[in-house]
Amino acid sequence: MTIDVWSWPTPNGHKVHIALEELELPYRVVPVNIGKGEQFNPEFLEITPNHRIPAIVDPDGPDGQRIQLFESGAILIYLAEKAGRLIPADAAARYTCLQWLIFQMGGVGPMFGQYNHFAAYAPEKLPYAIERYGNEVRRLHRVLDKRLGTSAYLAGDEYSIADIATFPWVRNPDRRGIDLSEYPAVKRWHDTIAARPAVQRGVAVLSENQRSGPMSDAEREQLFGKTQFQAR
């Protein structure tokens with residue numbers, strides 16, 4: 001059966017696109033244009049109360065029952081376990097994988113996202129915020145570089161959902177003022193993953209909708225303004 005993926009071409013959306021391509025699971029993309037406020041549509045809110053992409057609906061979930069999930073990390077774990085791939089079976093290795101997945105969810109994603117917001121999208125440039133999150137972006141790159149200096153992939157010798165979760169955030173390093181040549185282990189890892197055909201297909205999903213140019217006031221309101229706090 002086909003999995004419905006409610007998504008948009010953002011790093012969190014790309015995580016799920018890549019995983020589905022790697023796992024060769026059949027899926028259908030349901031675009032959610034977050035710049036136009038489609039994340040607040042009632043049909044999307046029936047799947048996720050958090051009005052954030054991505055979310056999935058699998059009609060063939062556990063015990064053959066329909067399941068719907070939001071939060072990209074939870075979705076990656078679910079898909080990997082459903083397919084029996086990209087997550088270690090060994091208990092200790094599994095926890096190492098989940099450790100680095102949570103590192104992305106709790107550190108890389110939020111900190112990189114805050115830097116992108118204040119450096120690229122905020123109408124007023126605040127030097128303190130840009131410096132604070134820029135420092136954190138560099139610190140997290142150093143953590144990744146240390147790990148990848150001793151391990152082929154984040155979870156160990158094998159490619160896993162921990163790598164899939166982190167890669168879309170490390171892509172396009174120039175947007176965060178990062179030169180990957182300063183982090184050679186991260187660069188080696190990034191280039192290896194970027195060359196994978198399934199990764200290339202995953203990041204191409206909805207790429208025709210990738211926003212370019214400055215953000216409009218209407219988009220900024222939908223993404224960062226009072227709209228997102230209104231009861232729906």
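Predicted model: local features only at pLDDT ≥ 70, side-chain atom pairs only at ≥ 80, totals over all residues.

1. Residues are numbered from 1 along each chain as its sequence is written, and side-chain values use heavy atoms, with hydrogens and water left out.

2. The open sheet has 4 strands in the order 2-1-3-4, with mixed pairing. Its edges are strand 2 (27–31) and strand 4 (67–70), each pairing on one side only. Strands here are DSSP runs of E, at least two residues, and helices are runs of H or I, at least four; two strands pair if DSSP finds at least two bridges between them.

3. Strand 1 (residues 3–7) runs parallel to strand 2, joined by 5 bridges, and Val5 has Val29 as its bridge partner there. Strand 1 runs antiparallel to strand 3, with 3 bridges; here Trp6 is partnered by Ala55.

4. Strand 3 also pairs with strand 4, in the antiparallel sense over 4 bridges, and Ile56 has Leu69 as its partner.

5. Both faces of strand 3 are covered: Ala55 and Val57 on one side, Ile56 and Asp58 on the other, are all buried (under 20% relative accessible area, 1.4 Å probe, protein chains only). In a regular strand the side chains alternate between the two faces of the sheet.

6. Helix 1 (residues 11–23) lies across strand 1, strand 2 and strand 3 (55–58). Helix 3 (residues 72–83) lies across strand 1, strand 3 and strand 4.

Key:
Contact = heavy atoms within 4.5 Å. Axes fitted to C-alpha atoms, helices over the stretch in contact; angles between N-to-C directions. Buried < 20%, exposed > 50% of the residue type's maximum accessible area, 1.4 Å probe, protein only.
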